[in-house]
Amino acid sequence: MLSCINNYNHPKLNFGAIKTPKKTVVDIAHNVAEAGEIQVSAHGSLDEDAINSSLVVIKWLKKLGKKVSFCYNPEDTKGLFINFWEKLKLKKAGNKPSDLTFSLDYNAKERIPNGHNDVILGQKPEKRIGLDHHDILPSTIESDMFIDSKAHSTCGMVYRLLKEGMGVKLSQRDLQHLYCGVLSDYNKSKLIAIDTSSKVPSVIKRPLLDEHPLSKEVLEKIEGALSQRRKDKVHKHLNVLSKLNKEDKSFRKDIYSQINISQNGKLAYLVIAPDDAKWAKMGMDNPKTSTILGDLRTRVLANDPNDPYLSDVQKEKLKDVKGAIAFYRVAPNSEVYQMSITTKDDYASQLIGHIKKNIDPDLAAGGHPDRAGGRVFSLDPKKINGFVSSFIQAAETLG
Ligand SMILES: [Mn+2]
């Protein structure tokens, strides 16, 4: 029984982050009221949307007098929008499930944070609630979560639930957290950009945002309620690429020379070997490297004739490109090898669908039609090779 609510098949609701349905609000309020101890969880390799939505939910639950723990790995908060005091207050979840699990920004088994499988999967499905905006997969955990796959961020969904659904008073700090998560995810799906041309970075709303009026509405509500000083701080924080040091810049330059392109020119791919020394020195997958890799995928896909990072030879080879994918190891202490893909015209879901049907039915991958992730849980060269080549093979077959 998968009792997730999903608006994916309702064409009328295709405009972004919908208002939280009344029934969902009541169900969540009821579940929370009944629980004494609650474990909050967000996906492994935390990003801004995951941590910021978690921090606001944790604070709300604590205010209600709940005992709250967080399923996470402290080293994953490095570089994210969280301060010293907030870090200090986080209590790491133990190995016994609480009365209730409140999950944010993921719904699939393979995204459970490292080391927390037992405590999440040991929970009763009806005691697993939360909010997420990722597509439902065969590996989606059975739960009573509210999944709105048309929402462009979980932080926006938290605003809809708490402020609009329940009338919770959000502090300026809460709103600042939500603003950060919303902008970070909207940036990834190209609804906005951070303009860095002036001294104080600002937000550019792209035309695509107008095509998703409900996602636009949620951003504008948060934006309107937040002081300029707090907004400027978030813009500055998200402007990761302007804060790179010499070593970061050299890493960034290097990876452009390592881009490969499938024979038919459709898929550009970057493979960072699990034992790559420079990748290890950069700290592997973190907000900084993930921004660098994300920016690379965006540049490759846009293939702008004036892009200073791409050579003329590359630009010529990339003229038919539909997708850009990067493969990399997640962390020194984990056996996970991962991919992130950015595409146009739903190419990411086509590739993943093709692999699951024809090459590897057990492939752990998914996310959004043009922005997805996937992983293998082993550093065995054979497994990694199979994982990487399945995408290249799929690209050659699909065209
Ligand atoms: Mn998200």
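The model is predicted, so local features require pLDDT of at least 70 and side-chain atom pairs count only at pLDDT 80 or more, whereas totals for chains, interfaces and linings use all residues. Residues are numbered from 1 along each chain as its sequence is written, and side-chain values use heavy atoms, with hydrogens and water left out. A manganese ion is held by four named protein donors, Asp49, Asp105, His133 and Asp185, and two cavities of 30 Å³ or more are present.

**Manganese site**

- The donors (N, O and S atoms within 2.8 Å of the metal, or 3.2 Å for Na, K and Ca) are Asp49 (OD), Asp105 (OD), His133 (NE2) and Asp185 (OD), at 2.1 to 2.4 Å from the ion.
- Water is not among the atoms, so sites may look incomplete.
- Along the chain, the donors of the manganese ion have the spacing D-x55-D-x27-H-x51-D.
- Asp105, in the loop between strand S4 (100-104) and helix H4 (117-121), and Asp185, in helix H6 (residues 172-188), are 80 residues apart and link distant parts of the chain; helices (H or I, at least four residues) and strands (E, at least two) are DSSP runs numbered from the N terminus.
- Asp105 has a relative accessible area of 1% and is buried, and Asp185 is also buried, at 3%; buried means under 20%, exposed over 50% and partly exposed in between, with a 1.4 Å probe and protein chains only.

**Cavities**

- A cavity is a set of points, on a 1 Å grid over the protein atoms alone, where a 1.4 Å probe fits but cannot get out; lining residues have an atom within 4 Å of a point.
- The largest cavity has a volume of about 50 Å³, and its lining includes Ser103, Tyr106, Arg128 and Met145.
- The second largest cavity holds about 40 Å³; among its lining residues are Ala17, Phe146, Asp148, Met157 and Arg160.

**Helix H5**

- Helix H5 (residues 154-165) is largely enclosed by the rest of the structure, because nine of its twelve residues are buried.
- Met157 and Arg160 are among these buried residues, and both also line the second largest cavity.
- Ser153 caps the N-terminal end of H5, with a side-chain oxygen 2.9 Å from the backbone nitrogen of Gly156.
- Just after H5, Gly167 adopts a positive phi of about 70°.

**Loop residue Ser198**

- Ser198 is located in the loop between strand S7 (192-195) and strand S8 (202-205), and is partly exposed at 41% relative accessibility.

Methods:
On a 1 Å grid over the protein atoms alone, a cavity is a set of points where a 1.4 Å probe fits but cannot get out, and a pocket is an open set with protein on both sides within 12 Å along at least five of seven lines; lining residues have an atom within 4 Å of a point. Grid points are joined across faces, edges and corners, and a volume is the space filled by probe spheres set on the points. A polar contact is a pair of N or O atoms within 3.5 Å; within protein, one must be able to donate a hydrogen and the other to accept it, and residues adjacent in sequence count only if both atoms are side-chain atoms.
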